[in-house]
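Work through the two exercises below with the model open. Each task is followed by its solution in steps.

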Amino acid sequence: MANFALDDYNRPVNCNDCGGLMIFKGVGEYECEDCKKIEFDDFGKVRAFIETHKGSNAAQIEEGTGVKQRSIRQMLREKRLEVTMDSRAFLHCDICGVNIRSGRFCQKCESLYHQRIEEENRTTKSMKGVAMGNNTETGAKRFERKY
């Protein structure tokens with residue numbers, strides 16, 4: 001899975017009108033510190049469109065906002081958005097394939113996935129401890145005390 005950077009959601013940095021710095025206000029909304037104009041990143045545009053056009057699909061959202069469907073799918077995978085209950089379209093769990101509304105995994109597979117990661121981390125840590133902890137060095141001391 002590709003990780004998106006902030007730039008992938010077209011985060012406004014400078015105001016298009018006056019060139020002032022855009023300050024993050026929350027939920028995809030930015031305000032110019034100079035002229036107070038409000039602008040939105042891709043997430044803010046999609047969220048505002050969905051609030052006024054409930055039940056829209058990705059193609060309709062792309063047409064209405066200009067945000068690419070790839071970005072919309074990524075927002076769904078990141079659990080920033082979710083598919084409505086009455087939708088005929090769903091995402092699929094990456095492990096078992098069952099229909100899900102957001103994210104990458106169903107609840108069951110997500111739990112198993114995190115358990116497996118925790119177990120791998122425990123195994124890795126214990127292996128490092130074995131390799132480092134029982135070290136029986138021989139040879140000269142680095143420092144000797146002189147009284």
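Buried means under 20% relative accessible area, exposed over 50%, and partly exposed in between, with a 1.4 Å probe and protein chains only. The model is predicted: local features need pLDDT of at least 70, side-chain atom pairs count only at pLDDT 80 or more, and totals for chains, interfaces and linings use all residues. Residues are numbered from 1 along each chain as its sequence is written, and side-chain values use heavy atoms, with hydrogens and water left out.

**Exercise 1.** Determine how many disulfides the whole structure has, and state whether Cys 106 is buried or exposed.

Solution.
1. A disulfide is a pair of cysteine sulfur atoms within 2.5 Å.
2. Searching the whole structure gives 0 disulfides.
3. For Cys 106, the nearest cysteine sulfur is that of Cys 109, 3.5 Å away, and Cys 106 is in no disulfide.
4. Cys 106 has 12% relative accessibility and therefore counts as buried.
5. Cys 109 is in no disulfide either; its relative accessible area is 6%, so Cys 109 is buried.

**Exercise 2.** Describe the lining of the largest pocket.

Solution.
1. A pocket is an open set of points on a 1 Å grid over the protein atoms alone, where a 1.4 Å probe fits, with protein on both sides within 12 Å along at least five of seven lines; lining residues have an atom within 4 Å of a point.
2. The lining of the largest pocket has 23 residues, and Ser 56, Asn 57, Val 83, Thr 84 and Ser 87 lie nearest the centre.
3. Helix 3 gives the most to this lining, 4 residues, where helices are DSSP runs (H or I, at least four residues) numbered from the N terminus.

Terms used. Helix = DSSP H or I, 4+ residues; strand = E, 2+ residues; numbered from the N terminus.
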